[in-house]
Amino acid sequence: MSTLLNISGLNWKVLNKTILQDINFTVSKGEVIGIIGPNGAGKTSLLRCIINQANILSSINTSGSVQLKNRPITQFSSREIAQHFALVMQKNDSIFALSVQDVMKMGLLPHKSLFSLDSDYDKSQIELALSKVGLSHALESLFNQLSGGEQQRVLIARALVQASQILILDEPTNHLDVYYQHQVLQLVNKLNITVIMTVHDLNLASLYCQRLLLLDKGQLICDGSPQEVLAPEQLSNIFGLPCQQNIDAITGATQVSFYLQDNRIQNSTSPEPLSE
Amino acid sequence: MNKVSTRLFALAILVILSVLAAITFGPADIDSSQLISCLVGSCQNQIADIVIWQVRIPRVLVALVAGMGLAIAGAILQNTTRNPLADPYLFGIVSGAGLGATIANISLADNLTIALPLAAFLGALFSVIIVVFIAKVLQRMEQLLLAGVAVSFMLASITQFILYFGEPFATNRVIFWLMGSLARVEMSNFYVIASILVIAIITVLALHRQIDALLLGDESAASLGVDVDKLRLLMLGICAALTATIVAYCGGIGFVGLMIPHIVRQLIGVTTLKLIIGSALIGAIFLIWVDVIARSSLPHAEIPIGIITSALGSIFFLFIMYRSRANT
């Protein structure tokens, strides 16, 4: 697999507070990578650096490099970055009654010139992307009237219209119930494009990501397969709770459960799990 | 033709019919055959020819472009700030123009034909520069509107202070100017407003996708390659130039920029291309007919146009509030 992204020696400090410290990793084409860690670990900050949001890498507070296809990301214009990365955020609201079609058309922007109108090809791409996320019927629906899961799927479809090589998702399952959490992540997993996402739920990350990056206090603690990264001792140290690793009987995925000492069943060796 | 195109086409026809119909209104007694012969250039009555070509046509055409301009400025501001209550007047543009006009009126006894609109224009630009400067210092472009309200009150208080100590005749002139009127407009005013309007429309049509991207939030727009602050500043500059020019010639005509885009969103759509074209057409129809009411509802006097738009606007506002209450 060819290397798409190369992050080396990435540091970000604001007023003596370390946000990211000496982050090094590479991303190959087609990988689905989950960034995990406790609140404030630097997960979203890392995503912001990867796409050089608000020209953050040119700031005096940051050092190190992010290279896309062996070219520093700082040399890319914001339009070029939008042609390579599609970002799906936690929550998108509009005060105006935008239709799903209106939202989808936004994905065409990085590839359109001034004054351009929509072509038949654009319309077919929008319909194709919506069919991939199972929302062909929703083209004329109002975006704000869709469920949280459907909105996330529309935004993923918009990312497909954007035709970027790397899909960046920031907590895509926040605000979603269990059904939609699995639906959205399964969809992302099946897209066959490179994905980097922050995920709060360790078990969901393990189930749907080939590779995990564990962050804590701005440092990359571990980079590897879910089984390697979700090592109980490591997670116990970071999250401050005893942890146990299991293999899920149905999916075969590595799963972890946390528990408080008080939750343990008296006189029992098996702890009462406190699901992540 | 789809539903939206059909509606836009119907509105365009209505604009043309409104222009033609509005020319027939006025105190001079000109019948339709005289009107048609004057319009095609074979006028027998010289007075009718002068009334039509030097009074009525300039007035209707200025109403056309002023209505378009004010509605478009409101639509642009509402979409770029994602605030359905954004209006050029809330950015202190009229207060700035009022201050400029007041200073010109008080300090200059004559040459007001050129000095008044010029001073109003400079005053409007001055207020926008202060608003943008404050928002820049605060480093929060989304606070533009709040900064605009503050600056608006500040400039209005300075205007009132000057008027309080000013000469009564000049004070009267400023107060009447602030009420808005198309009674003294000329063909040259139409050309100036139309030129700025064309520049504004071309710029917005070029950047309509960027403005649309803002509708789902600044972060979303930035991820699609939009330089959010630059785009917002450019749009604010265009709205300021457009509104300042209109206010300079026509005085204070409030609520058009607030009302019309609301109606267009219901009838045509919310994305920038539809909103701008729809606002231009409905804004033009609205102001042409409001001006007809202003000049023909009283037998020997005119009602200042700003009074009518403000009255209609406040009723419209209450209607919107009632409807949103009914929907919740």
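Helix packing in chain B

Tutor: In this predicted model, the axes of helix 3 (residues 46-81) of chain B and helix 13 (residues 272-296) of chain B come within 7 Å and cross at roughly 140 degrees.

Student: Why is helix 3 of chain B called oblique to helix 13 of chain B?

Tutor: Angles over 145 degrees count as roughly antiparallel and 65 to 115 as roughly perpendicular, with oblique left for the rest; the crossing here is at roughly 140 degrees, and that makes helix 3 of chain B oblique to helix 13 of chain B. The crossing of helix 3 of chain B past helix 13 of chain B is right-handed.

Student: Which residues make the contact?

Tutor: Helix 3 of chain B contributes residues including B:R59, B:A63, B:G67 and B:N79, while among those from helix 13 of chain B are B:T272, B:S279, B:G283 and B:D291.

Student: Turning to chain A, what are its domains?

Tutor: The domain assignment gives domain 1 (3-96 + 164-230) and domain 2 (231-276) of chain A, and their C-alpha centres lie 26 Å apart.

Student: How many residues does each domain of chain A bring to the contact?

Tutor: Domain 1 of chain A brings 13 residues and domain 2 of chain A brings 12 residues. On the side of domain 1 of chain A that touches domain 2 of chain A, helix 7 gives the most, with four residues.

Technical notes: Residues are numbered from 1 along each chain as its sequence is written. Chains are lettered from A and ligands numbered from 1 in the order in which they are written. This is a predicted model: local features need pLDDT of at least 70, side-chain atom pairs count only at pLDDT 80 or more; totals for chains, interfaces and linings use all residues. Axes are lines fitted to C-alpha atoms, for helices over the stretch in contact, and angles run from 0 to 180 degrees between N-to-C directions. Helices (H or I, at least four residues) and strands (E, at least two) are DSSP runs, numbered from the N terminus. Angles under 35 degrees count as roughly parallel, over 145 as roughly antiparallel, 65 to 115 as roughly perpendicular and the rest as oblique. A crossing is left-handed if the near helix is turned anticlockwise from the far one by less than a right angle, and right-handed if clockwise. Two residues are in contact if their C-beta atoms, placed from the backbone, lie within 7 Å. Domain bounds come from an automatic or database domain assignment.
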